Amino acid sequence: KMLTTARFLLQSSNRLGVLAKPNTSLLRSMGTIAEGVEFDTIAREWRCKWSADGDKASLAAAQKLLSDTLPTLKSIDGVKGVQRIVCGGCLDFKVITSLDAAKWGDFESGGHGPETEFLEKLTAIDGIEEVETQTYTIMPM
C-alpha cells in the first residue's frame, strides 16, 4: 500500500527518532528522506504509452489535451513548473507537475488538480495505453 509522501516522511523521521510525534511542519521547509537526501519539491507524474499508428495520432491528441490543461495546472497554488517528456523509442508520454513541498498537502487532498479529468480523457484517446501516475520528490543537483 502506497503511503502519501507526507506520511512516509513522518514515519521515516519517527523511525530515526527525529520526531517524537507527527509534525506537518516538516513539509513547510526542506524535507529529508535520509541523510543527505533533502528536498523542497514534490512532483506528480502522469504517464502513458502512445501508438505510432495513424501518423502518431494518439501522441498528437495527448499533446492537445496537455495544451488544453496546461493553464489550469500552472494556476495551481505552489506549482513550480510543468514538464512534458516524450520518448519516440519506447513511446512514453509523461507530464510532470512540480510543487513546493509546503503546498503538496493541499494539492493532494484536492485530488491532484485536474488529474481525474485529464486521465479520463487521456484513457479515451485511441492508441493510448498503460495510463499511470506516480508521486516522488525531485531536486536539481
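Which residue does the side chain of Arg44 join in a polar contact? In this predicted model, local features require pLDDT of at least 70 and side-chain atom pairs count only at pLDDT 80 or more, whereas totals for chains, interfaces and linings use all residues. Residues are numbered from 1 along each chain as its sequence is written, and side-chain values use heavy atoms, with hydrogens and water left out.

The side chain of Arg44 joins that of Thr133 through a polar contact of 3.1 Å (a pair of N or O atoms within 3.5 Å; within protein, one must be able to donate a hydrogen and the other to accept it, and residues adjacent in sequence count only if both atoms are side-chain atoms). Arg44 lies in strand β3, residues 41-49 (strands are DSSP runs of E, at least two residues, and helices of H or I, at least four, numbered from the N terminus). With a relative accessible area of 8%, Arg44 is buried (under 20%; exposed is over 50% and partly exposed in between, with a 1.4 Å probe and protein chains only). Beyond four places in sequence, its contacts (heavy atoms within 4.5 Å) include Trp104, Phe107 and Glu115.

Trp104 and Phe107 are both buried and lie three residues apart in helix α3, residues 104-109. Glu115 belongs to the buried residues of helix α4 (115-124), together with Phe118, Leu119 and Leu122. Viewed down the axis of α4, these buried residues fall within an arc of 95° and therefore line one face (the arc is that of the directions from the helix axis to the C-beta atoms). Elements covering the buried residues of α4 include β3 and β6.
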